[in-house]
Amino acid sequence: MQRRGSALSGESDRLRRFLFESAPVRGHWVRLSRAWLEAREHQSLPPPVMSLLGESLAAAALLSASLKFRGTLTLQLEGGAGAVSLLVAQATDTRTLRGMAQTAAAPGVAMPAADGPVAAAPIRELVQGGRMVVSVEQGDGMTPWQGIVPLDGETLAQCLDRYFESSEQLPTMMVLGANAESAAGLLLQKLPAPGAQGESAAAVVQDVWEEATALLGTLGADELIACEPEELLRRLFGAHDLRLFDGEPVDFACRCSRERVASMLRGLGQAEVDSIVGEQGAITVTCEFCQRPYRFDAVDAQQLFLSPMGVADPDRIN
């Protein structure tokens with residue numbers, strides 16, 4: 001295996017790319033640790049839903065690396081009758097992540113039990129009758145694009161494989177995993193072959209692809225999370241010459257902030273804020289995305305109007 005740069009020991013919160021030297025096959029590996037813990041710090045979710053959120057964040061990071069865009073990529077699961085009513089994972093082209101999940105409150109909706117160190121559950125049980133939406137917003141007057149597919153698979157990874165097959169016409173295989181400490185993913189893609197490629201060369205490429213996907217199919221979530229990228233790729237594809245590139249940092253970042261909440265409260269007006277503080281003793285505003293609470297007591301509320309901060313966009317905190 002060839003390397004560009006040096007591999008880090010115990011890599012986390014990084015995304016790394018690799019290529020097969022002998023075939024138009026590429027891959028991406030990611031493992032989240034601090035970013036995963038920060039993303040779920042203020043969210044209280046059942047273990048199966050938490051696991052699905054971790055897998056979704058890892059998948060969003062992989063998708064952001066496999067697609068060319070500048071802006072925000074959103075992976076959204078919209079539930080029907082299952083335990084998850086909504087799950088959103090976002091990644092930017094600068095490799096920042098955030099995500100949230102909402103569980104259904106309807107009577108009679110059962111929550112699948114956790115089983116084992118990785119609290120996974122079939123996606124059809126968590127998001128019954130739902131769908132998956134992948135969208136990209138690039139701003140600067142560029143038209144956003146969106147792909148919508150049913151949740152056709154046992155796992156989120158299988159659903160994403162089928163999304164690429166139907167929406168991108170790009171053969172793709174993905175493995176995802178998450179536990180309480182880490183979330184990880186590995187994506188493999190077969191790239192379009194050169195137009196002048198003959199039948200014999202095409203057959204060789206297809207053989208490489210089929211062998212690689214068969215080997216990737218043996219990878220379990222625990223091994224994916226535990227192994228360093230060089231060792232993992234060596235175990236899976238040791239018979240092939242790979243080029244593993246330097247990693248890119250991946251970080252958690254939500255758009256909410258205390259300053260934006262302060263601006264929103266000032267937009268309510270002093271009389272309204274004073275009334276709420278008088279009734280409740282303080283105002284607590286929770287970001288609808290990351291669930292981080294922002295508390296303003298009576299002194300904080302007075303400061304809002306004594307020293308305006310002039311923060312833009314007073315109507316949103318996320």
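1. Glu11 and Arg16 form a salt bridge in this predicted model. Their closest N and O atoms lie 2.6 Å apart. Both Glu11 and Arg16 are buried, each having under 20% relative accessible area.

2. A second salt bridge joins the side chains of Glu21 and Arg243, with an N to O distance of 2.8 Å. This pair links distant parts of the chain, the two residues being 222 residues apart. Glu21 sits in the loop between β2 (14-20) and β3 (25-32), while Arg243 belongs to strand β11 (residues 242-244).

3. The accessibility of that pair can be stated for each partner. Glu21 has 36% relative accessibility and therefore counts as partly exposed. Arg243 has a relative accessible area of 22%, so Arg243 is partly exposed; the cut-off for buried is under 20%.

4. Asp152 and Arg162 also meet through their side chains in a salt bridge, at 3.4 Å from N to O. Asp152 lies in the loop between β8 (145-150) and α4, and Arg162 lies in helix α4 itself. The two are ten residues apart, and the pair is counted as linking distant parts of the chain. At 45% relative accessibility, Asp152 is partly exposed. Arg162 is partly exposed as well, with a relative accessible area of 37%.

5. As background, side chains of opposite charge can pair when their charged atoms come close.

6. Helix α4 (residues 156-168) also packs against another helix. Its axis and that of helix α2 (residues 47-66) come within 10 Å and cross at roughly 30 degrees. Angles under 35 degrees count as roughly parallel, so α2 and α4 are roughly parallel to each other. Their crossing is right-handed.

7. On the α2 side, the contact is made by Leu52, Glu55, Ser56, Ala59, Leu63 and Ser66. On the α4 side, Leu156, Leu160 and Phe164 take part. The residues of this contact divide into six nonpolar, two polar and one charged.

Methods: Residues numbered from 1 in each chain as written. Predicted model: local features only at pLDDT ≥ 70, side-chain atom pairs only at ≥ 80, totals over all residues. Heavy atoms only, no water. Axes fitted to C-alpha atoms, helices over the stretch in contact; angles between N-to-C directions. Helix = DSSP H or I, 4+ residues; strand = E, 2+ residues; numbered from the N terminus. Parallel < 35°, antiparallel > 145°, perpendicular 65-115°, else oblique. Left-handed = near helix turned anticlockwise from the far one by under 90°. Contact = heavy atoms within 4.5 Å. Nonpolar A, V, L, I, M, F, W, Y, C, P; charged D, E, K, R; others polar. Salt bridge = Lys/Arg side-chain N within 4 Å of Asp/Glu carboxyl O. Buried < 20%, exposed > 50% of the residue type's maximum accessible area, 1.4 Å probe, protein only.
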